[in-house]
Amino acid sequence: MDQNELKQQVGQEAVKYIEDGMTVGLGTGSTVRYMVDALGKRVQEEQLNIVGVTTSNRTTKQAQDLGITIKNIDEVDHIDLTIDGADEVDDNFQGIKGGGGALLWEKIVAINSSKIMWIVDESKMVHQLGKFPLPVEVIPFGSAHVFHELQQKGYNPEFRMTNDTKFLTDQKNYIIDLQLNRIGDPFGLADDLVKMVGVVEHGFFLNMVNTVIVGRESGPEVLH
Ligand code: 5RP
C-alpha cells in the first residue's frame, strides 16, 4: 500500500465513529480529505443528520459540495468529536500540526471538542518530535522582527512561501516554520513561543488527543 492508500484507509475507518446527530469537527489535509469523502457518502446513503464544523476554507468547500451541513464554530455550542490529520505524533500522543497551514482554526476547533481523533499513515508516528518543521503562525505586522527573534533564539526559522510570496493562512497570517530536528521539551518551547508578541499560535498540539488511528499495511490500528 502506498501512503495515499494508507490515508484513505484511516479516513474510511474514522467515519465509523461518527453517529447520527453529532456535531463533528472536520480537520484539514490530504488524509482528512479522504475522511470527508467517506462522510459525504455516509450522509447521502444513510441520511445522517450531522453538522460539520470545518477548520479551513478548503474543507468547507469540499464538505458543502458533498452535501454535508456546515456551521461556523460560533454557531454551535459544542463539538462532539473532531477528526483531523497530523504531521508528527509521538509515543505519548503529543503532536505537530500545521503542515497545511490550518493550525490556528484546527486548534480552536480542537479545544472546543469533547473528543479528538487523529488519523495518520504510519510514517507520521515518531519517538521524538521535531523532524517535521514546527509551524508558527504570526501576524504580518512586525513579522520580520519576530523572525529575527526566532533566529536569535537558534530556532532555525523559515518563512513559508508559495511561489515567490509568503504563504497566507485563511486568517491572513504568515507561517514561519522552525527546523529543529529534535525537540527535547515541547512544553517549554510552546511556552516560549506563545509569550512572543506577534505569534498567534504554534503547531504543537499537546495533551489534546484521545484516539489515534494509524494506517498500516496490516490494517488500521486504533490507539487510545
Ligand atoms: C493542516 C494539518 C494537517 O492535518 C497535517 O498537515 C496532515 O496533513 P496530511 O493529511 O495532508 O498529511 O495540520 O494544517
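**Entry 1: H1 and H2**

I began with the crossing of H1 and H2, which is right-handed. The model I am reading is a predicted one. Two packed helices are described by the angle between their axes and the distance between the axes, so I looked up both. H1 covers residues 3–14, and its axis comes within 8 Å of the axis of H2. The two axes cross at roughly 45°. H1 and H2 are therefore oblique to each other.

Next I listed the residues that meet. H1 brings Lys7, Gln8, Val10, Gly11, Gln12 and Ala14. H2 answers with Ser30, Thr31, Tyr34, Met35 and Ala38. I sorted this contact by class and noted five nonpolar, five polar and one charged residues.

**Entry 2: H2 and H3**

I stayed with H2, which runs over residues 30–46, and turned to H3, residues 57–65. Their axes come within 10 Å. The crossing angle is roughly 20°. Angles under 35 degrees count as roughly parallel, so H2 and H3 are roughly parallel to each other. I checked the hand as well: H2 passes H3 in a right-handed crossing.

On the H2 side, I found Val32, Arg33 and Val36 in the contact. On the H3 side, I found Thr59, Gln62 and Ala63. By class, I noted three nonpolar, two polar and one charged residues here.

**Entry 3: the ligand**

How many residues surround the ligand? I noted 17. The closest are Gly29, Thr31, Gly85, Gly99 and Gly100. I had already met Thr31 in the contact of H1 with H2.

Which elements give two or more residues to this shell? They are H2 and H4, a helix over residues 103–111.

Last, I looked up how the chain is divided. Domain 1 takes residues 3–126 + 206–217, and domain 2 takes 134–202. Their C-alpha centres lie 24 Å apart. I counted the contact from each side: 12 residues come from domain 1 and 14 residues from domain 2.

Which helix gives the most to the side of domain 1 that touches domain 2? I found H4, with four residues. That side of domain 1 has six nonpolar, five polar and one charged residues.

Methods
Residues are numbered from 1 along each chain as its sequence is written. This is a predicted model: local features need pLDDT of at least 70, side-chain atom pairs count only at pLDDT 80 or more; totals for chains, interfaces and linings use all residues. Axes are lines fitted to C-alpha atoms, for helices over the stretch in contact, and angles run from 0 to 180 degrees between N-to-C directions. Angles under 35 degrees count as roughly parallel, over 145 as roughly antiparallel, 65 to 115 as roughly perpendicular and the rest as oblique. A crossing is left-handed if the near helix is turned anticlockwise from the far one by less than a right angle, and right-handed if clockwise. Two residues are in contact if their C-beta atoms, placed from the backbone, lie within 7 Å. Ala, Val, Leu, Ile, Met, Phe, Trp, Tyr, Cys and Pro count as nonpolar, Asp, Glu, Lys and Arg as charged, and the others, Gly among them, as polar. A residue is near a molecule or strand if its C-beta atom, placed from the backbone, lies within 6 Å of it. Domain bounds come from an automatic or database domain assignment.
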